[in-house]
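Please keep the sequence and the model open side by side while reading.

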Amino acid sequence: KVPDRVEYLFDLMDRLCLEAESMTPQQRKRQRIRLPGGVFGNILTEWREWAMININHNRRDRNVLKHRKIQVPKVHNISLLSPEKIFHRVERYLDADLVDPSPKLYSIILNALKMLGNNQRIPPTAEEIFEQNLRRSQYDPRNELYHPNAFVIYEMIDIWTKSGYNDKPNPDAPVQAERHLAALKQWYNDTGRPDLRPNVRIYTGVMEAHSRSSPTEISFYRIQELFQEMKEVCVPEDLGFISYNRVCHSLASSRHPDSADAARAVLDEVCDLYYQDKDANSRFKPVTQHAFSDVMTAYGRTGRAREATEIFDRMEQMAAVEGIPSLRPDIVSYSSLIWAYAKAGNPEMTQNILARMMDTIDGNSVDNNLDSMDDIEKQNINNLQDVDLTSWESIFASWVQKRDPNAPLYITQILEQLAYLSQKRNLSYTFKTSTYNLLMSSYARQQTVDGARSAEVLFNWLREQEGDELKPDRDSFLHIIQGWINADDVERAEKTLFDFCDEAQEGKIDRDILDGQHFNIVINAWIGNKDKEVDETERARVVFNRMKTFGIEPDKVGYTSLLWAYAKSSKSKTDPAIQAERIFAQMEWQYENGGKKETVAPNRITYNALFHALARSADVDTLERATALFQESEERHGVRPDKLTCNVLMGAWIKCDRPDRAEDLYQILKQKFEENGQRDENMAPTPHIFSKRLEGWSKAGEPEQTQMVLKEWIDCTSDPDRNRWLISRKPGVHEFIPVLQAWLNSDRPNAAEKAEGGLYQMVDYAKSGRFNSQPTGYAFLIVISALAKPDAGPLAGERALKLLNLQLELGQNEEPSRRATLEPNLPTYTNVVTALCRQSVSPEATDVFLQEGSAMVRILLQDLQNKRNSSDFPDFFPNSRSLEVIGKLKQVLQYSAFPSQPELVAICRELESSLAGDFTNAMRF
């Protein structure tokens, strides 16, 4: 029983670790408590295999397990043996000197993380593990026991390559892959260690990252550069057909106009290397059709069918002449060739290739000499014999999924050829509704009115067919409605649905052919409708009510869709919070009194929709009820609230100027995160939640609370054991600014002094590299505004002027792209002048200050005049509000005690007059 053994082994390791932690290093050595070399690596390897079976069994390993006839009982505490948990356990074992240090441990964990995790969330966790590996080695590549080696680097590159969300590649992947490759090359150059030498897996991994995520031009040329470098750097014995195959795949997938020719050049090169050696065990011997199929697909993508045929013929020739059965054409090879001719718009050749494939199938079906064939050859023949006309539905489906604008044409052509072959060979196969549904779906996915109409024509043709085998089914009706939704005609989609309902009620079609999904997609379509004249909540409600009158009980999807309509609507004529509460009450009543509870039980998405709608309310009582639901959802429906929901409700409380209630929610979230001694990642506070807390306390003018939140965030980033989810996200300049704003909003007597000290601390942090806290122009404006207040403290004007000079100095040292963010604006200048004027009338104003201050004010006013006259500062005086600001500045100058006060007022009056003329002319224009 593999799971029992793995769990038992780690339980045993934990007990040993506790014992080791209680010993001194001398006692550990005397007791020989450290495991012999390699033993723990074997335990980790077995854990990885076990985890793939238990955690990932519903994905790609399902067929592997079925093939191996492995049956594993369900384990209830799988999360305790997740890669993240195992990583922290390994760290404890290493600290306790219980296991031999080795980069292999980190490599195994990273490999498991890649296999089992969510692609979008894996890279940050992997980088954390990698960074810890580096810290263990003290960043010294000569430390062979701890420092990452080439195996670890490959796992990191592969993790970044495969990262993304919803099948969308991660744009950061190539940059990160190149970073790891550059680090490995540097380490190898510094040490010469063989295990730090870049190998073919690493180079091809970086190529695949570029192929998946880089812009076409960059990926195409960079892959070729990496290929040449790989041949120069890597051990020659490592180069072989498999590595060339991966290069082919990367080039063929880059979608550059020349990618097919470049991939073919790589294929030609490896075939030439094989012919030079001509050894059955040659590492350059082609062992799969993948490289050939990749090149054919690349040619097919651009409609270059002749070149694709040349590759196909070459593969067939090598299989026959060289005796390489693994190169016999299979369904993938034929499909690639058919794709090329279909793309080239040549249905005659598509028919010929399909017939050729069928002839191959016929020829192999009468071949009785299977005993003399090896396993690969038998498998190819079996693959061909398994192919029937239904196999083409997978090709149709792939065209549909790719939203190729010519997909309907390709599918129609193939259907015609298949119909011809079916009739010619007297095959009993007839096309089914599912086949035509794929064609209908391809029309619907065109997202055009013509596509929706074509789908409707095909649908009506199906309805006219005689017999029961070829009639529209549930999916057919769904595709018609979806076609009009995709064409942005929700009104037509709704009418089509209601027409179907009328036909069902009249007995023209079976009532069971319509279900909740037909209604739900229309409800969802009304959400966020672009028509400004339409109240989407009202239209969604109409569809929802029609579903109920039709006799379909709304399920959780229907209720949730309606809740989202109220949560997102900007045109609802009723209070969305009140309506959402009523809908949720109906849902709960149906849950308590209906038949199928599981279909209507609220889930996390339902609660998120509900809380988004309730959070739109400014009513405190509504928010109190929402907060109560947040706390009760797990008890009522077994739904644990998550950090996204918490963030929404916190934002609502902050809008109501109640940061204390937002803080209460944060404490609930933190408590649930660490409940029962286990960390729930769905409840892990995020940087965004910390930002919300900062915003709330800052807006309320509570600087001490704001500083407390910022300090907690900083502590989290420096203490992995407390809150490891924040390690990769330190607070930046935008998180320091709320503290300054809080002091400005507060009534503390020392507010200006505290804000000023906070600003200088930001500068120091930025210079030391500890935080990305270089103050922006807005940060300087906040502090200078505090110094311009009447109670700003002694020498406020001189301090404000000093800050302005610092702002100008930092701006000069910045890159041009960032310089604009530090440029002082009009309010900054006017607040500095105001602070100087207030100091001029204070008891602390000396004669020297009055003389120097007067000169500085004159310089500042002349600088404003120059900016007004220059075309380099078009946005410095953005609107008529600027005229109002200058007017107030003139009043402040009139009450100043500077000896040149009349002259300064005259300069300000001249600037005011000039601006008034500018705005008058602009209005006339």
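What covers the buried residues of α28? In this predicted model, the cover includes α26 (536-549), α27 (556-568), α29 (597-600), α30 (604-614) and α31 (620-637). The residues of α28 that are buried are Pro576, Ala577, Gln579, Ala580, Ile583, Phe584, Met587, Glu588, Gln590 and Tyr591. An α-helix has 3.6 residues a turn, so residues three or four places apart point the same way.

The length of this helix can be checked as well: α28 comprises the 18 residues 576-593, which at 1.5 Å a residue should span 26 Å, and because its end C-alpha atoms are 26 Å apart, the expectation and the model agree. At the N-terminal end, α28 is capped by Asp575, which places a side-chain oxygen 2.9 Å from the backbone nitrogen of Ala577.

Turning to the cysteines, a search of the whole structure finds zero disulfides. Cys837, accordingly, is in no disulfide, and the nearest cysteine sulfur, that of Cys908, is 9.3 Å away. Cys837 is buried because its relative accessible area, 3%, is under 20%, and Cys234, at 3% relative accessibility, also counts as buried.

Ser840 belongs to helix α41, which covers residues 826-840, and at 4% relative accessibility this serine counts as buried. Leaving aside residues up to four places away in sequence, Ser840 touches Ala845, Phe849, Leu850, Ser896, Ala897 and Phe898. With Ala897 there is a polar contact too, since a polar atom of the Ser840 side chain lies 3.1 Å from the backbone nitrogen of Ala897.

Note on methods. Residues are numbered from 1 along each chain as its sequence is written. This is a predicted model: local features need pLDDT of at least 70, side-chain atom pairs count only at pLDDT 80 or more; totals for chains, interfaces and linings use all residues. Side-chain values use heavy atoms; hydrogens and water are left out. Helices (H or I, at least four residues) and strands (E, at least two) are DSSP runs, numbered from the N terminus. The expected span of a helix is 1.5 Å times one less than its number of residues. Buried means under 20% relative accessible area, exposed over 50%, partly exposed in between (1.4 Å probe, protein chains only). Contact means heavy atoms within 4.5 Å. A polar contact is a pair of N or O atoms within 3.5 Å; within protein, one must be able to donate a hydrogen and the other to accept it, and residues adjacent in sequence count only if both atoms are side-chain atoms. A disulfide is a pair of cysteine sulfur atoms within 2.5 Å.
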